[in-house]
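Student: I would like to learn how to read side-chain pairs, helix faces and ligand surroundings from a set of coordinates. Please take one feature at a time.

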Amino acid sequence: ALERTLSIIKPDAVAKNVIGQIYARFEAAGLKIVAAKMKQLSRAEAEGFYAVHSARPFFKALVEFMISGPVMIQALEGENAVLKHRDLMGATNPKEAAAGTIRADFADSIDANAVHGSDAVDTAKNEIAYFFSAIEVNSRA
Ligand code: CMP
């Protein structure tokens with residue numbers, strides 16, 4: 001089915017200047033960028049985005065990392081976009097990420113793991129709405 005998913009290029013990958021290389025992988029896989037913005041997240045914005053993880057031991061480090069520099073946030077649209085994007089990213093821990101995935105190629109650690117992607121279609125709806133208003137998302141189907 002035609003889906004949308006939320007992608008974040010995290011501060012480590014922005015600092016490595018590989019936004020374009022990551023975008024090229026999305027495009028080669030048939031995912032279209034339908035909204036995008038670069039943003040320095042506030043602490044409250046990062047905490048709100050990751051609220052589902054607020055009780056986890058890694059929460060504080062995750063928030064600190066996500067506000068350590070600007071992130072590139074985009075909504076991607078395409079057939080099977082949620083799973084397709086997760087396959088492109090590879091495993092959360094880059095040590096476990098398959099060769100040729102974004103995290104295998106660009107990530108350094110489970111915290112500095114280059115990218116975030118929605119884990120399901122309903123999560124994606126909420127995550128896209130967290131960062132983009134309806135009129136900022138451009139259907140390209
Ligand atoms: P992300 O997909 O952005 O969602 C939550 C993030 O928490 C995850 O990527 C990792 O960067 C980070 N994280 C740190 N430690 C862990 C852990 N043990 N399990 C899952 N995520 C972790």
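Student: Which side chain meets Asp105 in a salt bridge?

Tutor: A salt bridge is read from the distance between a side-chain nitrogen of Lys or Arg and a carboxyl oxygen of Asp or Glu, with a limit of 4 Å. In this predicted model, the partner of Asp105 is Arg25, at 2.8 Å from N to O. The pair links distant parts of the chain, since Asp105 lies in helix H6 (residues 102-106) and Arg25 in helix H2 (residues 19-28), 80 residues apart.

Student: How many salt bridges does a search of the whole structure find?

Tutor: The search finds 6. One of them joins Glu77 and Arg4, at 2.9 Å from N to O. Glu77 belongs to strand S3 (residues 71-79) and Arg4 to strand S1 (residues 2-9), so this pair ties together parts 73 residues apart in sequence. Glu77 is buried, at 3% relative accessibility, whereas Arg4 is partly exposed, at 30%.

Student: Which other residues take part in salt bridges?

Tutor: Glu45 and Lys39 meet in one, at 2.8 Å from N to O. Glu45 is partly exposed, with a relative accessible area of 25%, and Lys39 is also partly exposed, at 25%.

Student: Let us return to H2. How do I read the face of a helix, and which residues of H2 are buried?

Tutor: An α-helix has 3.6 residues a turn, so residues three or four places apart point the same way. In H2, the buried residues are Ile19, Ile22, Tyr23 and Phe26. Viewed down the axis of H2, they fall within an arc of 100°, so they line one face of the helix.

Student: What backbone feature comes just after H2?

Tutor: Gly30 is found there, with a positive phi of about 90°.

Student: Where does Gln74 lie, and is Gln74 buried or exposed?

Tutor: Gln74 sits in strand S3 and is buried, at 0% relative accessibility. The side chain of Gln74 reaches the backbone oxygen of Met72 at 3.1 Å. Leaving out residues up to four places away in sequence, Gln74 touches Thr5, Leu6, Ser7, Ile8, Ile9, Tyr23, Phe26, Ile33, Ala35, Ala36 and Phe132. Among these contacts are Tyr23 and Phe26, which are also among the buried residues of H2.

Student: Now the ligand. Which residues surround the ligand?

Tutor: Start with the list of neighbours, then pick out the polar contacts. The ligand is surrounded by Lys10, Tyr50, His53, Phe58, Leu62, Thr92, Arg103, Ile110, Asp111, Asn113 and His116.

Student: What polar atoms lie by the oxygen atoms of the ligand?

Tutor: An N or O atom in the side chain of Lys10 is 2.7 Å from a ligand oxygen. Ile110 contributes a polar backbone atom, at 2.6 Å from an oxygen of the ligand. For Asn113, a polar side-chain atom lies 3.2 Å from a ligand oxygen.

Student: How much of the ligand does the protein bury?

Tutor: Compare the ligand taken alone with the ligand in place. Alone, the ligand exposes 460 Å², and the protein buries 79% of that.

Conventions. Residues are numbered from 1 along each chain as its sequence is written. This is a predicted model: local features need pLDDT of at least 70, side-chain atom pairs count only at pLDDT 80 or more; totals for chains, interfaces and linings use all residues. Side-chain values use heavy atoms; hydrogens and water are left out. Helices (H or I, at least four residues) and strands (E, at least two) are DSSP runs, numbered from the N terminus. Buried means under 20% relative accessible area, exposed over 50%, partly exposed in between (1.4 Å probe, protein chains only). The arc is that of the directions from the helix axis to the C-beta atoms. A residue is near a molecule or strand if one of its heavy atoms lies within 4 Å of it. A polar contact is a pair of N or O atoms within 3.5 Å; within protein, one must be able to donate a hydrogen and the other to accept it, and residues adjacent in sequence count only if both atoms are side-chain atoms. Accessible areas come from the Shrake-Rupley method with a 1.4 Å probe; for residues, only the protein chains shown count as cover. Contact means heavy atoms within 4.5 Å.
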